[in-house]
Amino acid sequence: MAPAREFNAMVDVHAHILPGLDDGPSDLSASLAMCRLAVADGITQMAATPHFCPPFYRHAPREISRAVAALAQALAREGIPLRLYPGADVSQRADVLGLARQGRLPTLAGQGRYFLLEPVQGGLRALAGLASELRPLGLRPIITHPERLAEAGRGGWSWLEGLVERGCLVQITAMSLTGGFGAPAQERAEDLLARGLVHLVASDAHSTGRRPPLLSPARERLIELVGEAGAERLLRTWPLAVLEGKDHLASN
Ligand SMILES: [Fe+2]
């Protein structure tokens, strides 16, 4: 069998890359080391998504954008070709609806369309109502790494299918596909892929070590599981469409 032709640019919509804002890198040099690693891996564009979980982490969109601009300047100075976009990793514990109504929800690339929404243990049933209330506001949650929640696949995935019907997207973590979060998470990730319930694969990077900004190990596994065209959709085409705020994800 001929080796697959690998696409060579990937887009990461979930990375804790900004220095000192959350439990990601603590200073600029650690941020830059992560960015260098991402670029060497083939990542060309990345959303900087610090945790948003009041009262612990509650950076306003303006603050996040300022931090992104500062890191982008440092990247230019260092000659590191990585394009950054603002975003946040919004916990379900935040007052998502209130923030959305006030126009203070940190959305990806500030597009006012997609935002990362991290479900919490015990909160899955409440997500459908939230997604329905957000829809008229033009907001589409991206449900982050459901495969990492032990309760998520128990009793099937109808709760997640219902969310997708309400306009939500689903993002799994790259390391889940390579076993970094254990066998059950890996099995759930593969199950979701087989059901067509995954739209984005992202690093959720926190450091150069234990949670690195790498997508290429997952790309190998994705090519085996869904073929090269499928892998490209999940690692490049759809992440880019999301950062551009496109309403529809083209299938090729
Ligand atoms: Fe995250």
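Q: Hi! Which exposed residues sit on the face of H1 turned away from its buried side?
A: In this predicted model, that face of H1 carries the exposed residues Ser29 and Ala40.

Q: And which residues of H1 are buried?
A: Those are Ser31, Leu32, Met34, Cys35 and Ala38. Looking down the axis of H1, they fall within an arc of 160°, so they line one face of the helix.

Q: Nice. What do the buried residues of H1 pack against?
A: They pack against E1, E2 and H2.

Q: What about the backbone just after H1?
A: Gly42 comes there, with a positive phi of about 105°. Just after H2 there is a glycine too: Gly79 takes a positive phi of about 70°.

Q: OK, on to H2 then. How many residues does it have, and how far does it reach?
A: H2 has 18 residues and reaches 26 Å from its first C-alpha to its last, close to the 26 Å expected.

Q: Which of its residues are buried?
A: Ile64, Ala67, Val68 and Leu71 are buried in H2. Seen down the helix axis, the buried residues fall within an arc of 100°, so they line one face of H2.

Q: What covers them, and what is on the face turned away?
A: The cover includes helix H1 (28–41), E2 and E4. The face turned away from the buried side of H2 carries the exposed residues Arg62, Ala69, Gln73, Ala76 and Arg77.

Q: Switching to strands: what is the order in the open sheet?
A: The sheet has three strands in the order E1-E2-E4, with parallel pairing. Strand E1 (10–15) and strand E4 (83–86) are the edge strands, each pairing on one side only. On average, neighbouring strands here are turned by 20° against each other, direction ignored.

Q: How many bridges join E1 to E2?
A: Four bridges join E1 to strand E2 (residues 43–48), and the two run parallel. Asp12 stands opposite Met46 in E2.

Q: Which strands do H2 and H8 lie across?
A: H2 (residues 61–78) lies across E2 and E4, running at about 170° to E4. H8 lies across E1, E2 and E4, at about 60° to E1.

Q: How many residues are in the largest nonpolar core?
A: The largest nonpolar core has 70 residues, and those with the most contacts inside it are Met46, Ala48, Phe115, Leu200 and Val201. Helix H8 (residues 216–243) gives the most to this core, with nine residues. As a general point, nonpolar side chains tend to be buried together in soluble globular proteins.

Q: Let's zoom in on Leu200. What does it touch?
A: Leaving out residues up to four places away in sequence, Leu200 touches Val13, Ile142, Leu169, Gln171, Leu234, Trp238, Pro239 and Val242.

Q: Last topic: where is Arg113 found?
A: Arg113 is in the loop between helix H3 (96–101) and strand E6 (114–118).

Q: Why does Arg113 count as partly exposed?
A: Because Arg113 has 17 C-beta neighbours inside 10 Å, while buried takes 20 or more and exposed 12 or fewer.

Q: And which residues does Arg113 touch?
A: Not counting residues up to four places away in sequence, Arg113 touches Thr107, Gly138, Leu139, Arg140 and Gly245.

Methods
Residues numbered from 1 in each chain as written. Predicted model: local features only at pLDDT ≥ 70, side-chain atom pairs only at ≥ 80, totals over all residues. Core = buried A, V, L, I, M, F, W, Y, C linked by C-beta atoms within 7 Å. Contact = placed C-beta atoms within 7 Å. Pairing = 2+ DSSP bridges. Axes fitted to C-alpha atoms, helices over the stretch in contact; angles between N-to-C directions. Expected span 1.5 Å × (residues − 1). Arc of directions from axis to C-beta.
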